[in-house]
Amino acid sequence: MKNKTILWLIPADEPLRQAIAEQFPQACIRFADKQNLTETEVDGVQAVIGNLPLQWLPKMTELEWLHLESAGSENYVSADVLNPQVILTNSTGAYGPAIAEHMLAGVLALYKKLMLYRENQKQRVWRSEGKVRSLSGSSVLVVGLGDIGREFSWRMKALGCTVTGVKRTPGICPAYVDRLVLMDQIEQELPQADIVALCLPSTPQTRHFFDERRLSLTRRDSVLINVGRGVTVDTAACCALLDRGHFLGMVLDVVDPEPLPINNKLWGYDRVILTPHVSGNYNQQSTYETVVRMARENVALYLAGEPVKYRVDRVSGYRVSNGEDGK
């Protein structure tokens with residue numbers, strides 16, 4: 001059998017490259033920078049590890065498998081982009097812990113008025129900003145119980161919150177979730193939540209799902225978090241509601257569009273914590289290590305002729321169900 005040629009695009013230093021090459025001597029592993037790919041590097045490749053720039057896909061006539069280093073796969077699921085016979089896998093599962101900690105940090109900053117105290121510190125003002133809120137007893141609505149939603153849910157439950165999870169399809173209720181509801185029930189749940197955490201991918205069904213009407217169903221003193229995809233929330237609607245005094249605050253790591261234009265109103269609200277899609281990525285070393293481990297695990301399966309893990313449903317864009325996917 002012809003040796004497989006695998007293009008590895010996840011950043012890797014020399015010791016890691018050597019370890020990977022030694023682990024898979026039966027394959028030709030090409031390490032490359034995805035921003036500076038050449039035709040020589042993509043020629044004859046059967047598998048790609050990392051988020052291959054889309055313009056190279058038409059040239060890769062021998063491609064059998066694409067493993068994304070990201071959890072999101074919306075740019076690759078279309079048959080117009082990736083041939084149907086190509087297996088698509090992703091790194092869902094690697095990013096949840098880091099993103100959940102980011103979410104928790106944002107909620108606590110708003111609940112404890114840390115942003116106000118930071119401004120006071122800059123001005124050297126020694127002043128109490130009054131009453132704060134407790135996480136214990138708060139009602140949390142987690143929309144999307146995939147990796148990120150699950151990681152956030154158990155942390156909030158451990159801190160004394162009541163957690164309601166929202167899924168697309170029925171399933172078993174995890175021990176750290178008090179109630180499970182389906183997406184068609186969400187409008188009845190939004191007015192009940194102190195914290196609404198959005199962990200949705202970008203699909204045709206989720207685009208601007210949270211428009212002004214749905215956002216206005218939330219409590220006026222609630223906290224809205226979005227760490228899924230920016231396109232699931234209407235940015236103009238957020239601004240309109242903030243202008244009317246709605247929301248205690250927002251924690252937004254994703255917005256629409258990205259990057260956010262410098263003149264967008266969303267920049268100007270003191271009670272909005274806005275970060276540039278950095279809660280995941282490789283900013284936390286453990287995330288990077290998990291992504292690499294998952295990729296190496298899958299390469300071993302692929303070279304052994306066994307089914308690879310972490311497959312993406314090309315129709316829904318979600319991870320293929322394994323009983324814990326949060327659909």
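**The crossing of α3 and α5**

Mentor: In this predicted model, helix α3 passes helix α5 in a right-handed crossing, meaning that the near helix is turned clockwise from the far one by less than a right angle. The axes of α3 (residues 96-111) and α5 (residues 147-158) come within 8 Å and cross at roughly 50°, the axes being lines fitted to C-alpha atoms over the stretch in contact, with angles from 0 to 180 degrees between N-to-C directions. On the α3 side, Gly96, Pro97, Ile99, Ala100, Glu101, Met103 and Leu104 make the contact (heavy atoms within 4.5 Å), and they meet Asp147, Ile148, Glu151, Phe152, Arg155 and Met156 of α5. By class, this contact has eight nonpolar, one polar and four charged residues, with Asp, Glu, Lys and Arg counted as charged and Gly among the polar ones.

For the strands, β9 (residues 195-198) is covered on both faces, with Ile195 and Ala197 buried on one side and Val196 and Leu198 buried on the other, where buried means under 20% relative accessible area with a 1.4 Å probe. Strand β9 pairs in the parallel sense over four bridges with β6 (residues 139-143), and likewise over four bridges with β10 (residues 223-226), pairing requiring at least two DSSP bridges.

Residues are numbered from 1 along each chain. Local features need pLDDT of at least 70, and side-chain atom pairs count only at 80 or more.

Note on methods:
Heavy atoms only, no water. Helix = DSSP H or I, 4+ residues; strand = E, 2+ residues; numbered from the N terminus. Buried < 20%, exposed > 50% of the residue type's maximum accessible area, 1.4 Å probe, protein only.
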